[in-house]
Amino acid sequence: MPQIFAYTDGACSGNPGPGGWGVLLIARDGETILKERELYDGAEETTNNRMELMAAISALEALERPSDITIVTDSVYVKDGLTKWITNWKRNGWKTAAKKPVKNEELWKRLDTATDRHTVKWEWVKGHAGHAENERADELARMGMAPFKP
């Protein structure tokens with residue numbers, strides 16, 4: 001059975017500032033690549049965390065049917081948000097442990113909804129460390145940001 005991997009990244013020039021997100025979607029059978037797809041876009045005024053979230057959301061929303069997918073991200077914020085923090089945020093009415101509103105709540109809700117129809121495994125990789133697929137996702141994020149940079 002093919003395995004689906006989404007390598008995601010976000011980028012921002014200034015924080016906030018112009019930003020972009022990128023996704024490299026790969027379907028593999030063992031070491032054999034069956035299909036690749038690249039996605040990217042950006043925003044004129046955003047933050048790095050928002051772009052990291054949009055990359056993961058876009059990867060999941062791009063899948064046409066429920067799938068088993070591994071999302072590989074260099075964002076501890078996204079990985080820990082979905083695997084550690086979101087249950088308490090929902091239980092606490094979208095407030096943090098410090099009783100403050102969760103930043104980017106609408107994107108967290110969208111990501112949570114997007115994960116519902118899939119079986120998602122989260123993997124973290126160190127960014128800018130020579131991981132080929134993560135480097136490509138970073139290039140895509142910069143492509144998404146390019147139209148918004150002055």
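**View 1. Strand 2 and strand 3 pair in the antiparallel sense.** Strand 2 (residues 17-29) and strand 3 are joined over twelve bridges, where two strands count as paired if DSSP finds at least two bridges between them, and where helices (H or I, at least four residues) and strands (E, at least two) are DSSP runs numbered from the N terminus. This is a predicted model, in which local features need pLDDT of at least 70, side-chain atom pairs count only at pLDDT 80 or more, and totals for chains, interfaces and linings use all residues. Residues are numbered from 1 along each chain as its sequence is written, and side-chain values use heavy atoms, with hydrogens and water left out.

**View 2. The hairpin of strand 2 and strand 3.** Two residues lie between these strands, and G30 in the turn has a positive phi of about 65 degrees. A27 has K35 of strand 3 as its bridge partner, while I26 stands opposite E36 in strand 3.

**View 3. Helix 1 packs on the sheet.** Helix 1 (residues 48-62) touches strand 1 (3-12), strand 2, strand 3, strand 4 (68-73) and strand 5, contact meaning heavy atoms within 4.5 Å. The direction of helix 1 makes about 155 degrees with that of strand 1; axes are lines fitted to C-alpha atoms, for helices over the stretch in contact, and angles run from 0 to 180 degrees between N-to-C directions.

**View 4. Helix 2 packs on the sheet.** Helix 2 (residues 76-91) touches strand 4 and strand 5, and its direction makes about 140 degrees with that of strand 5.
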